[in-house]
Every structure is written in structure tokens, then in C-alpha cells.
Amino acid sequence: MKKSVIFAAVILGLVIANAQAEDYLHGQKGTTYQNIGNSTYGSNGSTSQSIGNTTYGSNGSTSQRIGNTNYNSDGSTSQQIDNTLYNSNGTTVQRIGNTTYGSDGTTCQKIGSSTYCN
């Protein structure tokens, strides 16, 4: 569930302001995400939609971006500093080129409108 929230925050936050959220998209291993307009669709059935600075996840989670910080409906936060996203649970996501590296060992690569996580 934290990954879903982080995904929402990232996707939201990281789709966050659509382009920024995509940069930090960090989802579940083995899942592919596709961005269409302001919506993101995961191969695991998850979806999220960004409206303004708020992202709404299909699991009922929300994430709001204020400045460089995302505030999630589960009480967690994440802060973007340079090319790294710092989550309040202690995990980090670093973006290098079109690839994000999570401190949990998950990597995601963005190719076109799709993001592949391993």
C-alpha cells in the first residue's frame, strides 16, 4: 500500500505536475505504467489522475503537491531536491536520465509514454 501511495505521490506528484511526476515514477516491480493525458494506467490495474496539483489514485489515495513537497492522504510526505525524491518513510528515488532508482532496489525506465519497472 505504501508503494501505491508513493506511486500516487510520485505519479501524482510525479505525474505530479504531469511531467514532474513522470520523472520520478517509481512503481511496483514487474509493472508497466502508461501515461495518457493526465492519467496513468498500471498493468497491475492501478490508475491515477492528475488535476491541478492533486493526484487521485484508484485505491482512494490522493497526493497534493505544494512547492517541492507532496502531501499524501496516508499522512506521508515526499520532498524533491534536485534529482532525488525523499520520502518520509526513509526511502529515496533518484532520477538519472530516463531511469529512476529506488532505495528498495526497484528501477523504472521511461520510454515514450510508458514506464517499465523491474
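Modeller: Buried means under 20% relative accessible area, exposed means over 50%, and partly exposed lies in between, with a 1.4 Å probe and protein chains only. This is a predicted model: local features need pLDDT of at least 70, side-chain atom pairs count only at pLDDT 80 or more, and totals for chains, interfaces and linings use all residues. Residues are numbered from 1 along each chain as its sequence is written, and side-chain values use heavy atoms, with hydrogens and water left out.

Colleague: Is Asp 82 buried or exposed?

Modeller: Asp 82 lies in the loop between strand S7 (77–81) and strand S8 (84–87). Its relative accessible area is 68%. The cut-off for exposed is over 50%, so Asp 82 counts as exposed.

Colleague: What phi does Asp 82 have?

Modeller: Most residues other than glycine have a negative phi. Asp 82 is not a glycine, yet its phi is positive. Asp 82 sits in the turn of the hairpin of S7 and S8, with two residues between the strands. Its phi is about 55 degrees.

Colleague: What do the 12 strands close into?

Modeller: Strands of a sheet pair through backbone hydrogen bonds, either parallel or antiparallel. Two strands pair here if DSSP finds at least two bridges between them. The order runs from S1 through to S12, and the pairing is antiparallel. The 12 strands close into a barrel.

Colleague: What does the twist average from one strand to the next?

Modeller: Axes are lines fitted to C-alpha atoms, for helices over the stretch in contact, and angles run from 0 to 180 degrees between N-to-C directions. From one strand to the next, the twist averages 20 degrees.

Colleague: Which residue in S12 stands opposite Tyr 33?

Modeller: Strand S1 (residues 32–36) and strand S12 (residues 114–117) pair in the antiparallel sense. Three bridges join these two strands. Opposite Tyr 33 stands Thr 115.

Colleague: Which residue in S8 stands opposite Gln 79?

Modeller: Gln 79 belongs to the uncovered face of S7, along with Thr 77 and Ile 81. Three bridges join S6 to S7, and Thr 69 stands opposite Gln 79 there. Four bridges join S7 to S8. In S8, Gln 79 faces Tyr 86.

Colleague: Which residue takes a positive phi in the hairpin of S6 and S7?

Modeller: The hairpin of S6 and S7 has four residues between the strands. The positive phi is near 95 degrees, and the residue is Gly 75.

Colleague: Which side chain makes a polar contact with Asp 74?

Modeller: Asp 74 is found in the loop between strand S6 (69–72) and S7, and is partly exposed at 40% relative accessible area. A polar contact is a pair of N or O atoms within 3.5 Å; within protein, one must be able to donate a hydrogen and the other to accept it, and residues adjacent in sequence count only if both atoms are side-chain atoms. The contact here is 2.6 Å, and the partner is Ser 76.

Colleague: Which residues does Ser 39 touch, not counting residues up to four places away in sequence?

Modeller: Ser 39 is found in strand S2 (residues 39–42). At 11% relative accessibility, it counts as buried. Contact means heavy atoms within 4.5 Å. Ser 39 touches Gln 34, Ser 48 and Gln 49.

Colleague: Which residue does a disulfide join to Cys 108?

Modeller: A disulfide is a pair of cysteine sulfur atoms within 2.5 Å. A search of the whole structure finds one. Its S to S distance is 2.1 Å, and the partner of Cys 108 is Cys 117.

Colleague: What is the torsion about the S-S bond of Cys 108 and Cys 117?

Modeller: Cys 108 is buried at 2% relative accessibility, and Cys 117 is buried with a relative accessible area of 2%. The disulfide is right-handed because its torsion is about 105 degrees.
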